[in-house]
Protein chains: 2
Amino acid sequence: VSADALVLGPGREFDLVRGFLARWGELAQGVGGDCAELDVPAGSRLVVSTDTSVEDVHFRRDWLSAREIGYRATAAALSDLAAAAAEPLALLLALTLPRGWRDAAGEIAEGVAEAARLAGAPIVGGDTTAGAALSLTVTVLGTAARPLSRAGARPGDALWLTGTLGGPAAALRAWLAGAAPDPVHRARFARPLPRLAEARWLAGQGATAAVDLSDGLAADARHLAAASRVRLDLDADAVPRLAGVELAEALASGEEYELLLAAPAALDAVAFAMRFGVPITRIGRVAALAAGERPGVHARVDLPGGHDHLSP
Amino acid sequence: VSADALVLGPGREFDLVRGFLARWGELAQGVGGDCAELDVPAGSRLVVSTDTSVEDVHFRRDWLSAREIGYRATAAALSDLAAAAAEPLALLLALTLPRGWRDAAGEIAEGVAEAARLAGAPIVGGDTTAGAALSLTVTVLGTAARPLSRAGARPGDALWLTGTLGGPAAALRAWLAGAAPDPVHRARFARPLPRLAEARWLAGQGATAAVDLSDGLAADARHLAAASRVRLDLDADAVPRLAGVELAEALASGEEYELLLAAPAALDAVAFAMRFGVPITRIGRVAALAAGERPGVHARVDLPGGHDHLSP
């Protein structure tokens with residue numbers, strides 16, 4: 001069915017997949033059949049999420065290397081498993097590869113593998129097709145006895161944040177102004193670290209709800225408040241941000257892949273930082289709704305709107 | 001990050017998802033969080049597959065209605081669960097929606113829902129993004145106590161085929177020649193029926209291996225032979241084909257979404273046809289490899305090469 005501009009050559013789809021399998025080695029498991037087969041441990045729930053990264057929507061070619069594109073798309077999907085405090089089980093890669101990206105396919109696959117290895121998630125399937133725009137849809141599966149979600153925050157919980165915000169927004173600001181971003185900012189955009197082990201540890205310490213900051217802190221805090229039917233009292237000044245990032249930018253910065261959690265106030269932040277090499281900061285508290293009050297976020301500053309991939 | 005040509009407007013992504021949820025009703029379960037949560041019954045294995053349909057690669061806009069595009073992409077993904085004889089558990093939709101398709105988003109979603117309802121699969125998650133080309137990546141999850149795969153065919157099994165081949169190839173031939181396809185041929189392209197209940201019944205009757213004909217009978221028979229390490233003796237003349245379809249076209253016709261199975265020769269084909277309203281035909285047998293023989297397919301006709309989405 002291929003339009004002429006998109007075709008490769010006879011057997012090229014299979015050649016590509018063979019090339020991926022050679023690079024992935026034992027990380028690839030059972031790829032090539034109609035379905036992958038997996039076992040979910042007894043007593044565990046299955047959690048699943050799918051996440052698409054499209055050229056000129058989520059990134060531009062001159063911003064990232066091919067390897068970073070593969071890594072980042074995979075890490076972004078895995079971050080949804082972190083929000084559930086799930087153990088990664090497997091991932092699938094649906095790759096749409098335009099002609100102009102063919103020579104970079106191997107590097108993209110290396111980036112996917114790098115994120116998968118860090119997470120301990122085998123690559124169990126996928127689909128490779130031609131198309132006019134580079135696109136990666138990564139589906140992740142994980143397991144957890146009791147997955148965290150946006151619902152579940154309880155009045156009296158504290159509001160905790162992993163990491164230091166603002167890097168992705170600052171990097172974008174620089175790129176869109178035609179400048180080179182600060183390397184620290186750029187790294188937060190190009191090589192996010194899904195907080196998988198961190199989330200499982202926090203769930204073990206009594207965390208009651210979590211959301212990853214794909215839409216930015218202000219927007220995702222609203223999502224958590226709505227799902228948990230609570231008010232979040234946010235101490236915006238406490239939000240840690242990178243050098244060179246204004247507060248408003250840190251609150252709006254999307255695609256952060258840090259976690260916002262409701263968890264006990266007595267959490268040992270020093271033990272967390274020593275264990276994982278990343279800070280966790282108390283940035284507010286969970287409050288019960290007053291009679292007639294709608295779920296939302298209170299802060300002493302104006303909160304920016306959320307990050308919407310379909311918006312400017 | 002959106003390029004200017006791709007943007008919608010503030011909150012438009014959430015508006016789209018709300019519109020989908022309104023159309024899907026109870027078919028949508030748990031959409032909106034970071035992850036969907038599912039339970040896999042004890043004693044069942046999880047099977048999972050992902051399948052991408054891209055405009056101008058898998059279909060053209062003037063060939064199909066928006067509803068058919070949604071239906072077909074979803075049915076194609078569900079067909080992989082049929083090849084595993086799995087019970088559908090859930091599906092996720094990653095939709096890339098260019099500006100020119102925005103008004104059709106609701107109809108696409110209706111088509112997705114129609115296929116999901118037929119299969120009894122709730123829609124549990126997804127991702128909606130802008131992009132330059134319409135693309136649907138559907139991930140399907142299913143369960144089976146003992147999934148079928150391409151491996152497992154045993155010498156002595158018969159080779160069985162569901163349905164009547166050639167419709168998709170004949171429809172494509174007409175479209176590419178600028179003609180209107182025969183309505184019967186068109187329907188096989190536009191509205192394939194994943195053989196889900198059929199496959200589970202056949203597994204219960206002792207089927208040992210199965211593959212769906214996404215690449216065409218000749219190519220998928222080779223895949224089954226290779227995975228099972230057997231020779232398939234194919235009686236090509238026995239392959240049922242639609243009126244107006246030559247044998248070679250039927251053998252090469254991809255995206256059929258019928259099933260090729262290894263199963264006992266004594267299968268009750270009449271009972272199958274009465275139960276499911278579709279024929280099943282014995283088209284050959286599974287043979288042991290002779291010493292030094294490589295897995296493959298023997299037939300009295302020259303077999304065409306497989307269908308490759310990345311080839312002309």
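**Cysteines, rings and charges**

Guide: This is a predicted model. Start with a cysteine in chain B. B:C35 counts as buried, because its relative accessibility is 15% and the cut-off for buried is under 20%. In chain A, A:C35 also counts as buried, at 14% relative accessibility. A search of the whole structure, over all chains, finds zero. A disulfide would need two cysteine sulfur atoms within 2.5 Å.

Next, the aromatic rings. Over all chains, the search turns up 14 aromatic pairs. Now place the two residues. A:W201 lies in helix α6 of chain A, residues 196-204. A:F276 lies in helix α9 of chain A, residues 269-276. The two partners are 75 residues apart in sequence, so the pair ties together separate parts of the chain. A:W201 itself counts as buried, with a relative accessibility of 15%.

Chain A also holds an aromatic cluster. A:W63, A:W175 and A:F189 make it up.

Last, charges over rings. In chain A, A:R61 lies over the face of A:W101, 3.7 Å from the ring centre. In chain B, the ring belongs to B:Y71. The charged end of B:R191 sits over that ring, at 4.3 Å from its centre.

Note on methods: Residues numbered from 1 in each chain as written. Chains lettered and ligands numbered in written order. Predicted model: local features only at pLDDT ≥ 70, side-chain atom pairs only at ≥ 80, totals over all residues. Heavy atoms only, no water. Phe/Tyr/Trp six-rings, centres within 6.5 Å; stacked < 30°, edge-to-face > 60°. Helix = DSSP H or I, 4+ residues; strand = E, 2+ residues; numbered from the N terminus. Buried < 20%, exposed > 50% of the residue type's maximum accessible area, 1.4 Å probe, protein only. Lys NZ or Arg CZ within 6 Å of the ring centre and 35° of its normal.
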